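Hello,

Here is the structure we talked about handing over. Please open it first, then read the notes below it.

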Protein chains: 2
Amino acid sequence: MNNENTILVMKNIFEENDRVAKETNLLLSKKNIFAVNVLGAPGIGKTTLITNIIKGLNGIKSYVIEGDIKSDIDTQKLKSIGIEAFQINTNGACHLDSLVIKSAIDGMNLVQEGVLFIENIGNLVCPAEFFIGEHIKLLITSVTDGSDKPYKYPLAFENADVIIVNKKDLLPYVDFDMDYFLAGVRGLNKKAPVFLVSNKSENECAEVIIWIKEKITIMKP
Amino acid sequence: MNNENTILVMKNIFEENDRVAKETNLLLSKKNIFAVNVLGAPGIGKTTLITNIIKGLNGIKSYVIEGDIKSDIDTQKLKSIGIEAFQINTNGACHLDSLVIKSAIDGMNLVQEGVLFIENIGNLVCPAEFFIGEHIKLLITSVTDGSDKPYKYPLAFENADVIIVNKKDLLPYVDFDMDYFLAGVRGLNKKAPVFLVSNKSENECAEVIIWIKEKITIMKP
């Protein structure tokens with residue numbers, strides 16, 4: 001095998017991924033299910049933020065697909081508070097692709113319209129490269145991870161539809177330069193709103209919930 | 001291209017990577033340069049920890065290879081305090097491989113014996129899969145990222161020779177269960193010492209420095 005073949009394999013993987021993702025997107029749109037691809041580094045607070053948003057969306061049916069390399073810790077946590085969650089284990093793979101999402105959706109009972117949160121693998125790099133059928137990408141970063149993340153991991157910030165800066169409660173104890181962070185974001189992405197929140201309190205993400213509710217309304221025919 | 005070809009491409013990539021990594025490892029050993037592959041999620045404190053260790057290794061020559069998808073922020077930071085640093089930009093790739101390390105080493109002036117720190121891409125997944133010629137893997141996690149990381153990202157913990165739990169100064173403000181964390185680590189890795197440190201003070205990593213110095217002494221003929 002030479003480099004040409006490697007490039008051909010990668011091209012075919014991306015093409016097949018996009019084809020299936022488009023089908024999934026259409027299927028979910030028809031069912032009036034708004035799909036949110038949740039991206040962020042390990043330990044950034046993806047599951048807790050999803051939980052807080054779902055609590056704030058009361059009255060709107062929510063589903064979760066949990067992507068993890070191993071373990072079903074987060075799915076068990078979600079189920080224990082009555083959230084409908086489906087576990088995907090990639091057993092090593094660094095991102096979710098549209099094929100695993102398709103088979104997860106086939107295994108779920110998505111009869112009621114609402115919102116589907118897809119928690120991607122904790123990784124700021126690979127998940128940003130794959131469209132998995134979502135309507136929006138929600139990117140989470142945090143004040144403890146530093147203000148240089150947009151400069152170091154540009155694709156994730158460039159493709160995000162909404163950016164959450166988590167762990168606001170730790171702001172007094174860390175060096176986080178919001179101006180430098182925002183300049184980095186705006187150099188890549190002019191549109192995505194940026195919300196500073198804390199997972200410590202459910203009310204903290206009230207603005208995020210209003211924003212998502214608006215997006216759901218726009219999607220509906 | 002079918003799945004068989006995809007698997008063949010991956011097998012060839014790993015074999016070629018390992019062959020070059022072994023050559024690099026031999027070359028560095030001959031030069032009495034001890035190579036440390038530094039792994040950890042984005043924003044975990046890799047560069048600051050490397051800086052603090054280098055300051056504590058005074059008298060021992062240190063080199064750094066900085067792996068980033070984009071930007072040379074960390075290399076500039078290191079150079080500004082007199083540390084010899086070389087930048088690799090992967091332009092999207094999620095890990096360093098032995099070929100880029102070989103070409104970085106070819107471009108560096110490694111004449112004096114000492115320690116070479118290789119800061120991998122901020123990612124808990126892909127970098128754990130690639131041997132790049134190092135003598136040890138140093139894994140950094142932090143109390144702000146939660147105590148479930150070994151359960152969710154097992155390979156990185158399984159392969160680590162030493163594990164650093166960073167951001168000890170934030171321990172009073174977060175939920176981090178050290179017993180649960182250590183049980184997860186020991187289920188995967190019986191040997192690697194675990195050090196709880198804070199990047200806020202150089203003295204915090206005194207024990208890590210003693211441990212690395214011992215390893216360097218063992219390597220020498």
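Between chain A and chain B the count is two salt bridges, a salt bridge being a side-chain nitrogen of Lys or Arg within 4 Å of a carboxyl oxygen of Asp or Glu. Lys152(A) forms a salt bridge with Asp74(B), and their closest N and O atoms are 2.7 Å apart.

This is a predicted model, in which local features need pLDDT of at least 70 and side-chain atom pairs count only at pLDDT 80 or more, while totals for chains, interfaces and linings use all residues. Residues are numbered from 1 along each chain as its sequence is written, chains are lettered from A and ligands numbered from 1 in the order in which they are written, and side-chain values use heavy atoms, leaving out hydrogens and water.

In the interface, 40 residues of chain A are in contact with 40 residues of chain B (contact means heavy atoms within 4.5 Å). The two chains bury about 3100 Å² between them, with 62% given by carbon and sulfur atoms. Buried area is the accessible area (1.4 Å probe) that two parts lose on being put together, summed over both.

Now the helices, which are DSSP runs (H or I, at least four residues) numbered from the N terminus. In chain A, the axes of H2 (residues 46–56) and H8 (residues 206–219) come within 10 Å and cross at roughly 65 degrees. Axes are lines fitted to C-alpha atoms over the stretch in contact, with angles from 0 to 180 degrees between N-to-C directions. H2(A) and H8(A) are therefore roughly perpendicular to each other (65 to 115 degrees). Asn52(A), Ile53(A) and Gly56(A) in H2(A) meet Val208(A), Ile209(A), Ile212(A) and Lys213(A) in H8(A).

In chain B, the axes of H2 (residues 46–56) and H8 (residues 206–219) also come within 10 Å, crossing at roughly 65 degrees.

Regards

Definitions and conventions. Helices (H or I, at least four residues) and strands (E, at least two) are DSSP runs, numbered from the N terminus. Angles under 35 degrees count as roughly parallel, over 145 as roughly antiparallel, 65 to 115 as roughly perpendicular and the rest as oblique.
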